Amino acid sequence: MEKLLSKPIFFKENRVYRVYLGGKGIALFNGSKMSEDDFFPEEWIASKVKAINPKYFGERDGVSVVEGTNSFFDDLLEKYPHLLLGDRKYDCLVKYLDSAIRLPMQVHPTKEFAKKHFNSEYGKTEAWLVLATRPNACIYFGFEKEISKEELSKLEDQSEEERNIMSSILHKVEAKVGDVFIINAGLIHAIGAGCTILEVQEPTDFTIQPERWCGDYHISYQEEYIGLDKDTALDCFDYSLIGEKAVMQSAVKPKVVYEKDGVKKEELIGYDITPCFGENRYTVKGGKLVLNYAPSVWICTSGKGVIKGEDYQREINKGDYFFLPYVAEGKFFVESEEGIEMIECLPSKQ
């Protein structure tokens with residue numbers, strides 16, 4: 001096991017149940033066997049996080065299992081921290097998401113709110129990279145116009161009979177491949193129909209969604225407010241984030257860090273944007289990309305190449321992903337002659 005954990009770590013497919021329909025876009029992106037829209041529209045990547053679900057899909061629903069073993073990743077992180085983490089934290093969660101319908105409008109708590117109400121040191125700040133879209137794909141950020149907490153509470157009641165009423169209070173924007181967004185705690189948001197997204201977030205599943213329906217699925221009070229009373233839960237929203245103000249706060253323009261020797265590095269989410277996690281994009285063609293920080297998660301979003309290092313070689317293709325353990329830092333590299341795009345997801349600023 002120690003030998004296995006000293007190299008890039010690959011995982012079994014880890015599709016997670018949600019209450020919204022989707023997933024076909026993930027299959028088109030990574031060649032998954034789950035090729036139609038269903039209620040497993042997310043793939044949790046190198047995950048140590050247990051999903052909060054209304055249905056039971058196993059004791060470790062949401063936690064990744066290492067390829068070729070029956071070992072859960074959270075167990076290995078606890079048992080082999082010297083190999084996997086060194087003296088660093090691994091405190092992010094990475095996902096593929098694909099939506100065939102609009103997700104419920106939602107908000108995530110701040111660290112302070114999560115500490116007080118869930119006894120957690122993490123909230124759920126997250127970032128999105130749009131990987132693919134279907135026709136008319138869109139995303140929602142902020143309220144369309146000014147609204148009070150009391151008005152939102154009444155609309156939640158109305159949504160029992162008027163299933164799509166919440167769409168009228170959300171600010172809608174077109175989703176385009178390559179878009180990058182940061183979703184801070186307090187921002188009302190929703191992924192619209194037709195988006196395949198790579199998401200990086202704090203390692204929790206705290207989602208407050210005061211809406212009674214998701215498609216034909218009736219959302220329970222527990223699912224809406226995750227154990228909180230309604231009044232407390234609605235305090236999570238930042239009611240000042242309206243229209244283009246919300247979009248401007250969320251949209252991120254990638255920054256080119258360097259481009260030389262066949263490798264281009266772009267910063268997608270820097271620690272100046274959030275200390276919760278980092279995200280970079282590398283384009284490699286005829287060069288060598290050294291994997292020089294660990295722990296980290298790597299996803300191939302385009303092309304193909306080869307990972308090499310220390311008596312190790314493995315092909316990597318679009319949709320593949322792996323975890324780089326601490327002991328492997330700087331010892332492996334990615335090469336590609338025809339071209340490959342790699343996303344690096346980093347834990348919190350340390």
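Author: The structure holds 20 aromatic pairs. Rings of Phe, Tyr and Trp (its six-membered ring) pair if their centres lie within 6.5 Å; planes under 30 degrees apart count as stacked, over 60 as edge-to-face and the rest as tilted. This is a predicted model, in which local features need pLDDT of at least 70 and side-chain atom pairs count only at pLDDT 80 or more, while totals for chains, interfaces and linings use all residues. Residues are numbered from 1 along each chain as its sequence is written, and side-chain values use heavy atoms, with hydrogens and water left out.

Reader: Why is the pair of Trp128 and Phe141 described as it is?

Author: A pair of aromatic rings is described by the distance of the centres and the angle of the planes. The ring centres of Trp128 and Phe141 are 5.7 Å apart and the planes stand at 40°, so this pair is tilted. Trp128 belongs to strand β4 (residues 126-133) and Phe141 to strand β5 (residues 138-143), 13 residues apart; strands (E, at least two residues) are DSSP runs, numbered from the N terminus.

Reader: Are Trp128 and Phe141 buried or exposed?

Author: Both are buried, where buried means under 20% relative accessible area, exposed over 50%, and partly exposed in between (1.4 Å probe, protein chains only).

Reader: How are the rings of Phe141 and Phe181 arranged?

Author: Their centres lie 4.6 Å apart with the planes at 40°, so the pair is tilted. Phe181 lies in strand β7 (residues 180-183) and Phe141 in strand β5, so the pair ties together parts 40 residues apart in sequence.

Terms used: Helix = DSSP H or I, 4+ residues; strand = E, 2+ residues; numbered from the N terminus.
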